[in-house]
Amino acid sequence: MTLDIQKIREDFPILQQKIYNRPLVYFDNAATTQRPQQVIDALNKTYTEYYGNIHRAAHFLADKATTAYEETREKVRSLINAETREQIIFTKGTTESINLVAFSFGEAFIQAEDEIIVSEMEHHSNIVPWQLMAGRKGAKIVMLPIDDDGRLQIEDLEKLITSRTKLIAVAHVSNVLGTINPIAEITRIAHSKGIRIFVDGAQAAPHLHIDVQKLDVDFYALSAHKMYGPNGVGVLYGKKELLDQLPPYQGGGEMISEVKFSGTTYNDLPYKFEAGTPNISGVIAFGAAIDYIRNIGIENLAAWEHELLNYATEKLLGIPGLRIYGTQPEKSGVISFNVDGVHFFDLGTMLDKFGIAVRTGHHCADPLMDHFGIQGTVRASFAFYNTKEEIDVFIEALKKVIAMF
Ligand code: C6P
C-alpha cells in the first residue's frame, strides 16, 4: 500500500506551522513524536464528556472513564499480542517501567554477587535503575559490548553469562544507532540458561510490529509519547508467572486488596502495580493513537520510514567529512552523525534556524558515546509523516551550515 503522506500530514496540526518563517521540518521523532488531531480530540473529549476517577466510584462519569481506560489496556494487549490484559501495566513511561522491574525483580530474585547483563548501547534509563538495584543488593552489572558498526556482540554473550547471571537488559532498538537488536535470539540464549530478559521497546514500538509471545521476552516496556500518544503514559508487559511473584513497586490507592494496621494484602494484576490515580485522560487518548497507527498499518509506516532512512543515508554519505554512527543493515529510521571540524551543537543550533528540529548531544547514552570516543552527535530521526522533500531541505541546509564553518 502506498501511503498518502500529504493527507496524513493534515492530521498533525503542529506540522503545519512555520519556524523562523520556514516550514517546520520535524526530525526529532526519537525524542518524542507529534500527535494527530484524533489523539488531541480524544484528550479533549475525555475532559469535556466523561472525566472521573477510574475503578473507584459508582457514578456515570467514573464508569465511562473506567471503561475507556480499560479499552486502551485491551488495545495495547492486542497491539503487542500479550496473552492477557492482566499483563499490561500502565506506568508514566518506559523509564518508570524499567524502574518498576529493577526494583520489584531485584527484591524478589536478586541476591548479593548476582549479575545483570546490560548492553553498551543502552539509554541511561536502562542502565541507572539496574545500577541502583545492584547497589542496594550488592549485585554486579556486566556490560555486553557492541562493535564499531553498532552491532551487539552476541557471540560474547555466552562467555559473559555465569551461574550468577539473573537477567539481561537490552533495547529492542537503539535510540542513537537505530540498530534493531535480535531479541528473539538473545531471549533464546537467556532462557536456555534460565536467565530472564527485559526489553526496552521505547524506540521499537513506534516502528515495528511487536509480538511479545513470539519474541518470548519476560518483560517489555514502551512509551506512548513516542507512539503519537500523550506524554506521561507508558506500558510494562510481563510474563504472568513473573509479575505474580514480584512485590509491588509503589504503595497507595488501588494497588491493595485490604489494608489493616496489622498487615495489607495486594490487589490482583495489573492493579497491584498501578498505585494512585493514573494518567486517566492520557491512557484513554493513547487508545486513539493506537487506533491511528493501526489504521495506517505498522508494516506500511515501517516501509515508508525505511525508504526515508535509505534516502537520507545515501544523501548524507555524499557530504565530505560526515560520519554516521550505526551502520547495521537491520536499522530503524534514526541517523546519528558528526561532521569533521564542526561541533554537533553548532550544527543543531544552525539547523534550527532553517526550521529543522534535530537532537544534538549524548542522547542519554554516555557509555555509547565513550565507545566511539565522542561527546555527542547530531541525530535526525524520522516518522511516517516525514517526506523526501523534507530530507532534501535538511541536506541543503546542512551543506550551507557546514560551508559557514
Ligand atoms: N529517549 C531520546 O531522545 P521515557 O523518557 O521514559 O519515555 O523513555 C526513556 C527511554 C528509554 N529507552 C530508550 C531507548 C529511549 O530512547 C528513551 C527515551 C529519548 O532518545 C529521550 S532521552
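**View 1. The largest cavity holds about 50 Å³ of space.** A cavity here is a set of points on a 1 Å grid over the protein atoms alone where a 1.4 Å probe fits but cannot get out; its volume is the space filled by probe spheres set on the points, joined across faces, edges and corners. This is a predicted model, where local features need pLDDT of at least 70, side-chain atom pairs count only at pLDDT 80 or more, and totals for chains, interfaces and linings use all residues. Residues are numbered from 1 along each chain as its sequence is written, and side-chain values use heavy atoms, without hydrogens and water. Look for Ile54, His55, Arg56, Tyr69, Glu254, Tyr271, Glu274, Gly276 and Pro278 in the lining (an atom within 4 Å of a point). Four of these residues are nonpolar, two polar and three charged.

**View 2. The second largest cavity has about 30 Å³ of space.** Its lining includes Asn29, Ala30, Gln203 and Phe382. By class, there are three nonpolar, six polar and no charged residues here.

**View 3. Helices H12 (residues 344-353) and H14 (residues 388-404) cross at roughly 125°, with axes that come within 10 Å.** Helices are DSSP runs (H or I) of at least four residues, numbered from the N terminus, and axes are lines fitted to C-alpha atoms over the stretch in contact, with angles from 0 to 180 degrees between N-to-C directions. Leu347, Met350 and Leu351 of H12 meet H14 residues including Phe394 and Met404 (contact: heavy atoms within 4.5 Å). The contact residues comprise nine nonpolar, no polar and no charged.

Key
1 Å grid on protein atoms, 1.4 Å probe; cavity = no way out; pocket = protein on both sides within 12 Å on 5 of 7 lines; lining within 4 Å. Nonpolar A, V, L, I, M, F, W, Y, C, P; charged D, E, K, R; others polar. Helix = DSSP H or I, 4+ residues; strand = E, 2+ residues; numbered from the N terminus.
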